[in-house]
Amino acid sequence: MTLLPFDLHRAASVEEARELLVRYGEDAAVICGGTELLLLLKLGFAAYGHLVDIKGIESLGGVHVDDGALVIGSTVTHREIERSPLVLERLPALAAMARRVANIRVRSVGTLGGNLCFSDPHSDPATFLLALDAEAAYDGRRVPLADFLVGPYETALEHGQLLGAIHVPIPPPGTGVAHRKLAFHERPAATVACAVRIADGVVEQARIAVGSVGARAVRAVESEDVLRGAAPDDRAALAGAAHLAAGAAEPVDDANGSADYKANLVRVLVDRCFREAVAASVA
């Protein structure tokens, strides 16, 4: 558990960070909070001669509202999100989710951008943000988070590119949002997020995302289709949606349990999360 020597470069701007990454090529990596990268380096799973620190880049920080969405800078920490007055006012479910990430030490230094760029399949934020149709902004473009998270530990970013911000649409009034997970030793084993809006006594819109059980977090689109137009207390529809969500997540065997066990976890969490979101939508 000994770190190999590396040079630390503190970039003052996005342009400087890009220049450093291009200059040192594959021997360079971005660091901000470092909660996941430093662990990889200590375990010997990765090695870089140069780390480019982007914490001091002012344009990558802060939280504000633009065009009906919360815009969260990539260097904003989980702790900042959970305590942000703007987040607490406009999307309290996001603050509640951030409050449950790992532990306070990790939340105080770990960043939203770092979490998403690391693309760990066991990510609370990725699952939650998929259910809200969040977008990743970088290099003058915005792409759906589902397209940004290409696979386990892989994103759409190319070397030298930096994630600038995450755009999280603020749900319209009457939308209930809920997030549920089962975690062992602070690491999620199954994660579900739901956003539900009820109109005229039926489900007008339902969005369901599942993570931590397969290679990456996914939207359960077929589950959403089953619930749309159903009564919010239609147990048969919910059971069918939960079953489809478990399949869409493509659970795999790992240290947290068998694929069958995790599929069952997904079914249980979808059921509970959906009903919680329905209750929040009418509160």
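Guide: Partly exposed denotes a relative accessible area between the under 20% of buried residues and the over 50% of exposed ones. The model discussed here is predicted.

Visitor: Why is D139 called partly exposed?

Guide: The relative accessible area of D139 is 33%. Because that value falls between 20% and 50%, D139 is classed as partly exposed. The residue D139 lies in the loop between strand 6 and strand 7 (141-144).

Visitor: Where does S212 lie, and why is S212 called buried?

Guide: S212 is placed in the loop between strand 13 (202-211) and strand 14 (218-219). Its relative accessible area is 1%. Because the limit for buried is under 20%, S212 is called buried. S212 also has a positive phi, of about 75°, although it is not a glycine.

Visitor: How many disulfides does a search of the whole structure find?

Guide: The search finds 0 disulfides. For C273, the nearest cysteine sulfur is that of C194, 3.7 Å away. A disulfide requires two cysteine sulfur atoms within 2.5 Å, so C273 is in no disulfide. At 0% relative accessibility, C273 counts as buried.

Visitor: How do you know that C117 is in no disulfide?

Guide: The nearest cysteine sulfur to C117, that of C32, is 9.9 Å away. The cut-off is 2.5 Å, so C117 is in no disulfide. C117 has 31% relative accessibility and counts as partly exposed.

Visitor: What makes the pair of F118 and Y153 edge-to-face?

Guide: The ring centres of F118 and Y153 are 5.5 Å apart, with 80° between the planes. Centres within 6.5 Å form a pair, and planes over 60 degrees apart count as edge-to-face, so the pair of F118 and Y153 takes that name. F118 belongs to helix 7 (residues 112-118), while Y153 is in the loop between strand 8 (149-151) and strand 9 (154-155), 35 residues apart. F118 counts as buried at 19% relative accessibility, whereas Y153 is partly exposed at 46%.

Visitor: Why is the pair of Y138 and F148 called tilted?

Guide: The angle between the planes of Y138 and F148 is 55°, and the centres are 5.8 Å apart. Y138 lies in strand 6 (residues 135-138) and F148 in helix 9 (residues 145-148), so the pair ties together parts 10 residues apart in sequence. Both Y138 and F148 are buried.

Note on methods: Residues numbered from 1 in each chain as written. Predicted model: local features only at pLDDT ≥ 70, side-chain atom pairs only at ≥ 80, totals over all residues. Heavy atoms only, no water. Buried < 20%, exposed > 50% of the residue type's maximum accessible area, 1.4 Å probe, protein only. Phe/Tyr/Trp six-rings, centres within 6.5 Å; stacked < 30°, edge-to-face > 60°. Helix = DSSP H or I, 4+ residues; strand = E, 2+ residues; numbered from the N terminus.
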